[in-house]
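Biologist: I'm new to reading structures. Could you walk me through this one, a feature at a time?

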Amino acid sequence: MFANLSDKLVSVIKKIGGRGILTEGIVNSAIEEIRISLLDADVALPVVKDFVAKLKEKLAGRKVLNSIAPEQTVLRALYDELVVFLGYSDNDSNFRRGKILMLGLQGTGKTTTSAKLANFFKNKFNRKVLLVSLDTYRPAAIEQLRVLARNNSIDFFEDFLPGDTPVDIARKSLSAQDKYDITIYDTAGRLHIDESMMDEVISLKQCIQPNELLLVVDGMMGQDAVNMAKSFNDATKLTGLVFTRMDGDSKGGAVLSAKYMANCQIKYICTGEKISDIEEFNPKRIASRILDQGDMRGLIEKSRSLDQASLQKTIDNKFDLESMEAYLVQLTKIGGLHGMMKLMPGMNKLKSQLERPAFSEKIPLRALAIIRAMTKEERRNPQILNASRRRRIAKGCAQEVVDVNRLIKDFEMLKRVMSKKLAGKKVRAMDLMRR
Ligand code: GDP
C-alpha cells in the first residue's frame with residue numbers, strides 16, 4: 001500500500017534537500033512532481049486538483065523561499081495536507097461501546113471484517129462483544145461467522161429460528177444487549193446496490209439504532225470503491241468506511257480520495273486474511289507512513305538533538321566549513337549571529353568585528369547554499385579551495401565567484417576568532433544552548 005506514491009514523494013523531498021536555496025521555480029516543479037505522483041497513485045482528479053492548490057497556497061511566498069531547511073518546510077506542508085485529505089479531525093473519538101451495523105457488497109470481506117473487529121475490541125480494549133449474523137439468505141454466511149466467533153472465543157447470537165427475517169433476528173438480539181459492551185451485526189451482501197437491499201438496510205437501521213454504520217469496501221477496487229462509498233453514504237448516512245485487501249497491490253489512491261469524494265471517514269483498514277489483520281485508520285500515522293517519516297514528532301526531536309550534537313562537535317574539535325554550516329543552521333533559530341554571540345562566553349565584545357554585510361540576517365541562506373555546493377572534502381579541508389574549485393562551487397549554487405571568495409574570507413576570520421576564544425576554554429555545547 002502506498003509504496004509507489006511514497007517512493008515518489010520522498011524523492012521529491014530529497015531533491016529539494018539537495019538544493020541550497022529554494023527558488024519559486026524549484027517549488028513549482030516540486031509541486032508538479034507531486035501532482036503527477038498523486039495521479040499515478042490513482043487519486044481522484046478533483047482531489048488532486050484541490051490538494052495541489054492547497055499545497056501551492058501553503059508554499060507560496062517568501063517564508064518557504066527563505067526557510068533554513070527547505071525540505072523540512074515542504075515536507076511539513078505535504079504532511080499537513082495529507083493528514084487533512086485523509087480525514088483527520090480533532091473531534092474524532094474512537095468508538096468503544098454500542099452497536100455496529102456492517103454493510104457492503106458480497107465478497108468485499110464483510111463477514112471476515114465483522115469477526116476481525118469483534119476480536120480487535122475484545123483483545124485490545126477488553127470489551128465483551130456479541131456477533132450477530134443477519135444474512136438469512138445464505139446459511140453458509142451464518143455458519144462462517146459462527147465458526148469465526150467460536151475459533152476466537154467470541155459470543156455468537158444463536159437465539160433465532162429458521163424463517164426469521166433479518167429484522168426479526170435483530171429485534172430478538174436487542175434483549176441480549178445488556179450483557180455486552182459491543183454488538184456487531186453482519187448483514188447480507190448483494191451483487192450490486194439495489195432498492196431491496198437499501199430498504200432492508202433502512203429497516204435494520206430503524207430497528208437496531210446503531211452507533212456505527214460501517215461500509216466495507218474492497219480496497220483493490222480503486223476509485224470504484226470510492227464511488228460505492230458515495231452511493232451508500234448518500235442513501236444511508238454511513239458513519240465510516242472499512243477498506244479491506246489493503247495488503248494487495250492497490251495504489252492507495254482510493255484511500256486518499258474517500259473522505260473528499262464520498263464525504264465519509266475511513267475508520268479501519270484490513271491488511272490480510274488473518275483475524276488480527278485489522279488496524280484503526282489514523283490519518284497522522286498513514287501520512288507519516290506515506291512520507292516514510294515514522295513519527296513526525298520524533299523526527300523533529302531528532303533533528304534538534306542532531307543540532308546540539310553538531311554544535312558539540314564544533315566546539316570539541318576543529319572549526320571547519322562543516323562546523324560553520326552547523327552554526328549557520330543554528331543562527332536562524334537563535335536570532336542571527338549576534339544572538340549566537342550572546343550565547344557564547346566572552347564573545348560579546350567581538351560583536352563589532354562580525355558586523356559586516358556578509359553576516360547580515362539574509363546571509364546565512366546564501367552562505368549555506370555555497371557551503372552545500374562543496375564536496376565533503378572541501379568542507380573539511382577549506383585550504384584546498386583553489387580558483388577552479390571556487391568557480392565550480394559558484395556555478396553549483398547559482399552565485400558569483402566573489403560571493404564564494406567572501407564566504408571563505410569570513411570563514412577564515414570567524415575561525416581565527418573562534419580558535420582564540422575557545423583555546424583553553426572547553427565550553428560544552430549543552431551549556432551554550434542553555435544560557
Ligand atoms: P463477504 O462476502 O463480504 O462477507 O466476504 P468474506 O468476509 O467472506 O471475505 C471474502 C474473502 O476475502 C475471504 O476469503 C476473506 O478471507 C478475504 N478477505 C477479507 N478481508 C481481506 C483482506 O483484508 N485481505 C485479504 N487478502 N483477503 C481478505
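Predicted model: local features only at pLDDT ≥ 70, side-chain atom pairs only at ≥ 80, totals over all residues.

Biologist: Which part of K110 comes up to an oxygen atom of the ligand, backbone or side chain?

Modeller: Backbone: a polar atom there is 2.7 Å from a ligand oxygen. With E273 it's an N or O atom of the side chain, 2.7 Å from an oxygen atom of the ligand.

Biologist: And how many residues surround the ligand?

Modeller: There are 18, and the closest are G107, K110, T112, R245 and E273.

Biologist: Now the helices. How do I read the packing of α1 and α2?

Modeller: Look at the angle between their directions. Over 145 degrees counts as roughly antiparallel. Helix α1 (residues 3-17) packs against α2 at about 175 degrees, with the axes 9 Å apart, so the two are roughly antiparallel.

Biologist: Which residues make that contact?

Modeller: From α1 you have L5, K8, L9, V12, K15 and I16, and from α2 there are A30, E33, I34, S37, L38 and D40. Sorted by class, that gives 7 nonpolar, 1 polar and 4 charged residues.

Biologist: What about α2 and α3?

Modeller: Helix α2 (residues 24-40) and helix α3 (residues 45-59) pack at about 160 degrees, their axes 10 Å apart. They are therefore roughly antiparallel too, and their crossing is right-handed. On the α2 side, the contact includes V27, I31 and L39, while F51, V52 and L55 are among the residues from α3. This contact has 11 nonpolar residues, no polar ones and 2 charged.

Biologist: Last pair: what is the angle between α3 and α5?

Modeller: About 140 degrees, with the axes 10 Å apart; α5 covers residues 70-85. That angle makes α3 oblique to α5. The crossing of α3 and α5 is right-handed.

Biologist: Which residues meet there?

Modeller: In α3 they are V47, D50, F51, K54, L55, K58 and L59; in α5 they are T73, V74, A77, L78, D80, E81, L82 and F85. By class, the contact of α3 with α5 has 9 nonpolar, 1 polar and 5 charged residues.

Key
Residues numbered from 1 in each chain as written. Heavy atoms only, no water. Axes fitted to C-alpha atoms, helices over the stretch in contact; angles between N-to-C directions. Helix = DSSP H or I, 4+ residues; strand = E, 2+ residues; numbered from the N terminus. Parallel < 35°, antiparallel > 145°, perpendicular 65-115°, else oblique. Left-handed = near helix turned anticlockwise from the far one by under 90°. Contact = heavy atoms within 4.5 Å. Nonpolar A, V, L, I, M, F, W, Y, C, P; charged D, E, K, R; others polar. Near = heavy atom within 4 Å. Polar contact = N/O pair within 3.5 Å; in protein donor to acceptor, adjacent residues only side chain to side chain.
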